[in-house]
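Hello,

Here is the structure I promised to pass on to you. Have a look at it first, and my notes on what turned up follow below.

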Amino acid sequence: MDKNEHIQSGILELYVAGALSDKENEQVYQLIQDHPEILNEIKEIEKTISVLTASVAPKETDTSFKNILIKLVQDRERPSKVIPIQKPKNNWVTYTGWAASILIGSTLLFNIINNNTLNDQLAEEKQQFEEQLDKANSSLAENEKLLTVIRDKDIVTIPLAGQNVSPESYAKVYWNKNSKTIYLDVKGLPDPPEGKVYQVWSLKLNPLTPTSLGTIDGFLADANKIFNIDNPNDSQAFGITLEPAGGSESPTMDQLYTLGAV
Amino acid sequence: MQLEELVVQFKNKNVKAFESLYEMYNDSVSGVIFNIVRDKELAQEVTQDVFIKAWNNADTYSAKKGRFFTWIINIARNAAIDKTRSKNFKNNSKNLDANIFVDILETHDSLDNSTDAIGIKNFVGKLKDTCKKLIELLYFKGFTQKEASENLEIPLGTVKTRNRNCLNELRVMLK
């Protein structure tokens, strides 16, 4: 067969469909090597099929490549599957027995103590209210300052979503590219365990390069959990990991708490 | 960069090449998947999985076995079919098997009035029913020549020639 006969036969259309046997695929591959016209014909067929299949794609979906990169990063931090150890079956009779006696005991105790402490409690609550009011007044000024920051037109808001190690966690970055600073809201992170500290990372996705923005040392002490950090980087994403006190050179990916792309 | 070069770079785990190939084929992959699962969110999820799978298995692709396009579309079909077989899959459309890609073109939102979309809809509408069915089986469902011949009860050779004629009509119209 000459090359035009091959083209006319319809075998190239089936080649693009992947509907041929391995042997036939090899034959076509050989034809491509020998005749550039065959390759051109295949490219034309491929173009037609690719336009046709693309026309069926759902509209108005977020198809940016960023989503793929984020999934790849997440896959990397995903630990290999662990089979959970079976919990020993509890003897419910023993447990309910214990529960009942604890309940009765504590109710009695509560009634005795209750009267004595009621007065103390009232005084204490009053004290607490006063303190709270005082705090509210001073934080009002602070909140107003934060609000102006958040409302600034130059601010980009980036939500950071909880990752495998802590799906419930969340955080938010308010990034002012002009002043090269970020406000980091980490109210949605659990208190770090002792000896550990959260570390903030600016990420470039392609290729994945993390740059440390520092550790959040005052996490426990800070009431509103909003931190102002310098960020001179051209960040594509932000992430927060839990690291040993003092921070790490590079992020510990299996301790990635939150992640979000710009 | 030429496609061949992109594919080589992709096999060498070059993210830029991966991105270019993604931009080229993302819509086709997602179209094939959507035609099988018929659910927008699910189609998006499976599409992402397919590209990640392709990236992770890039070294298994060989130009000797076929086109890159053919390879990735094949991964897409298999992933979508797997999804419809998983126990979590809710079969919203009662006769999923009777649906063909043409239905999607016909029901695509009128919001999308780009000339391209209208054009393709018209062109495909003009194809004979036998052509629509054949294209569905070969390109959207991944039937082999033999399977298509059995399904449509036509001789093996007819699959080849008829399919070429159908695509030629489309090619002329799309030009």
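Strand S2 (residues 170-176) of chain A is mostly covered, with five of its seven residues buried; buried here means under 20% relative accessible area, exposed means over 50%, and partly exposed is in between (1.4 Å probe, protein chains only). Strands, like helices, are DSSP runs numbered from the N terminus (E, at least two residues, for strands; H or I, at least four, for helices). Before I go on, please keep in mind that this is a predicted model, in which local features need pLDDT of at least 70 and side-chain atom pairs count only at pLDDT 80 or more, while totals for chains, interfaces and linings use all residues. Residues are numbered from 1 along each chain as its sequence is written, chains are lettered from A and ligands numbered from 1 in the order in which they are written, and side-chain values use heavy atoms, with hydrogens and water left out.

Back to S2(A) and its partners. Two strands count as paired if DSSP finds at least two bridges between them. S1(A) and S2(A) run antiparallel and are joined by seven bridges, and A:Ala161 stands opposite A:Tyr170 in S2(A). S2(A) is also joined to strand S3 (residues 181-185) of chain A, again antiparallel, by five bridges. There, A:Tyr174 has A:Tyr183 in S3(A) as its bridge partner. S2(A) and S3(A) form a hairpin with four residues between them, and A:Lys180 in the turn has a positive phi of about 55°. As a reminder for when you look at the side chains, in a regular strand they alternate between the two faces of the sheet.

Strand S8 (residues 256-261) of chain A is mostly covered too: six of its six residues are buried. S8(A) runs antiparallel to strand S1 (residues 155-162) of chain A, with two bridges joining them, and A:Gly162 stands opposite A:Thr258 in S8(A). With strand S7 (residues 237-244) of chain A, S8(A) pairs in the antiparallel sense over five bridges; here A:Thr241 stands opposite A:Leu256.

One loop residue deserves a look as well. A:Ser235 lies between strand S6 (226-230) and S7 of chain A. Is A:Ser235 buried or exposed? A:Ser235 has a relative accessible area of 5%, so it counts as buried. Its side chain makes a polar contact with the side chain of A:Ser202 at 2.8 Å, and another, of 3.1 Å, with the side chain of A:Asn231. By polar contact I mean a pair of N or O atoms within 3.5 Å; within protein, one must be able to donate a hydrogen and the other to accept it, and residues adjacent in sequence count only if both atoms are side-chain atoms. Leaving aside neighbours within four places in sequence, A:Ser235 is in contact (heavy atoms within 4.5 Å) with A:Trp175, A:Ser202, A:Leu203 and A:Val262.

Chain B has nine helices and zero strands, and 46% of its 175 residues count as buried.

Finally, the interface. 48 residues of chain A are in contact with 62 residues of chain B. The area buried between the two chains is about 4800 Å², with carbon and sulfur atoms giving 63% of it; this is the accessible area (1.4 Å probe) that two parts lose on being put together, summed over both. In chain A, A:Leu52, A:Val56 and A:Phe65 lose the most area to chain B, together 14% of what that side buries.

There are five salt bridges between chain A and chain B, each a side-chain nitrogen of Lys or Arg within 4 Å of a carboxyl oxygen of Asp or Glu. One of them joins the side chains of B:Glu4 and A:Lys43 (3.7 Å, N to O). Helices H1 (3-9), H2 (11-17), H3 (22-34), H4 (36-54) and H5 (65-77) of chain A each give two or more residues to the side that touches chain B, and H4(A) gives the most, with 14 residues.

Best wishes
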